[in-house]
Amino acid sequence: MGGLVHTIQFIFGIVGNAATLFLFLVPTFTFKRIIENKSTEQFSGVPYVMTFLNCLLSAWYGLPFISSNNILIATINGAGAAIELIYVLIFFIYAPNKQKGKILAMLILVIIAFAIAAVISVLAFHGKNRQLFCGTAATIFSIVMYASPMSIIRLVIKTKSVEYMPFFLSFAVVVSCSCWFTYAMLGMDPFVGISTGVGLALGIVQLILYFIYCDKKILNKKTSATDESLQNMGNDYSNNVKCYNDEKQSNFHEQV
């Protein structure tokens with residue numbers, strides 16, 4: 001029975017890896033634009049630095065000498081850390097001089113913070129206490145990462161538009177968090193379970209908002225098109241009346 005549970009957990013971990021990798025690769029479109037325009041425009045580099053720290057802590061937590069049977073967490077977050085570091089370096093290259101210093105300072109602080117946490121976890125803690133220390137740190141920053149779309153959720157409610165909340169991105173969050181939440185429950189891992197549970201709840205909220213406001217977006221487009229059509233019809237009618245009156249007045253003058 002234990003072998004079957006472990007196999008199912010491994011399958012959910014593989015699917016979760018694929019969905020999470022998709023989430024990590026979504027910003028490539030943003031950075032393609034940054035490279036083409038040679039400017040970071042109004043984009044912020046802070047989320048990528050913080051996600052880099054989250055990936056480092058989560059990858060560290062997944063290592064065998066910290067927690068058992070979590071190697072899939074270590075591998076995907078290790079890959080995520082590498083991807084996020086590339087994003088940060090690209091952002092640093094094309095950012096204005098004022099932002100370069102801020103991004104570089106944050107990156108250095110993040111690396112120092114992770115190094116300190118890693119050293120403390122190895123030297124000061126052992127066994128369950130080490131897992132508790134690393135798991136708590138990883139959970140806190142994972143929740144911060146998953147909670148970052150709250151600003152988008154507020155924007156959707158305020159504007160009643162899902163223009164800035166792509167469906168497939170929200171769907172991938174739900175799939176990824178569902179897989180990792182199930183993975184955590186099967187492996188009795190409260191740290192992964194808490195963070196992905198929060199992410200799953202927020203992802204579901206995003207999908208609910210999408211289905212609430214996507215029809216209104218379509219309806220607004222139809223309404224705008226109808227209004228434009230009616231306006232054009234009104235303009236055509238006015239022009240026809242004007243032409244008719246001009247022609248009638250011209251004929252009257254000719255008869256006179």
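**Notebook: burial, helices, rings, charges**

I started with burial: 36% of the 256 residues of the chain count as buried. My cut-offs are under 20% relative accessible area for buried, over 50% for exposed, and partly exposed in between, with a 1.4 Å probe and protein chains only. Ground rules: this is a predicted model, where local features need pLDDT of at least 70 and side-chain atom pairs count only at pLDDT 80 or more, while totals for chains, interfaces and linings use all residues. Residues are numbered from 1 along each chain as its sequence is written, and side-chain values use heavy atoms, leaving out hydrogens and water.

**Fold**

I listed the secondary structure next and got nine helices and zero strands. Helices here are DSSP runs of H or I with at least four residues, strands are E runs of at least two, and both are numbered from the N terminus.

**Helix α6**

For the 21 residues of α6 that gives 30 Å, and the end C-alpha atoms are 30 Å apart, so the two agree.

Which residues of α6 are buried? I found R130, Q131, C134, G135, A138, T139, S142 and Y146. They cover an arc of only 150° around the axis, so they are on the same side of α6. The arc is taken from the directions from the helix axis to the C-beta atoms.

**Aromatic rings**

I then searched for ring pairs and counted 12. The rule pairs rings of Phe, Tyr and Trp (its six-membered ring) with centres within 6.5 Å; planes under 30 degrees apart are stacked, over 60 edge-to-face, and the rest tilted.

Y48 and Y87 have ring centres 5.8 Å apart and planes at 70°, so I logged the pair as edge-to-face. It links distant parts of the chain, with Y48 in α3 (residues 46-62) and Y87 in α4 (residues 71-94), 39 residues apart. Both Y48 and Y87 are buried.

W180 and Y183 are edge-to-face too, at 5.1 Å centre to centre and 80° between the planes. They are three residues apart in α8 (residues 167-186), so about one helical turn separates them. W180 is buried at 5% relative accessible area, and Y183 is buried at 3%.

I also noted one aromatic cluster formed by F167, F171, Y210 and F211.

**Charges**

How many salt bridges does the whole structure hold? My search found one. The criterion is a side-chain nitrogen of Lys or Arg within 4 Å of a carboxyl oxygen of Asp or Glu. R33 and E41 make the bridge, at 2.6 Å from N to O. R33 is partly exposed at 41% relative accessibility, and E41 is partly exposed at 29%.

**Nonpolar surface**

Last, I looked at a nonpolar surface patch of about 410 Å², made by L104, I108, I112, I116 and I120. Patch residues need over 30% relative accessible area and no salt bridge; nonpolar side chains (Val, Leu, Ile, Met, Phe, Trp, Tyr) are joined within 5 Å, like charges within 9 Å. Areas come from the Shrake-Rupley method with a 1.4 Å probe, and for residues only the protein chains shown count as cover. I112 lies in α5 (residues 97-123) and is partly exposed at 44% relative accessibility.

Key. The expected span of a helix is 1.5 Å times one less than its number of residues.
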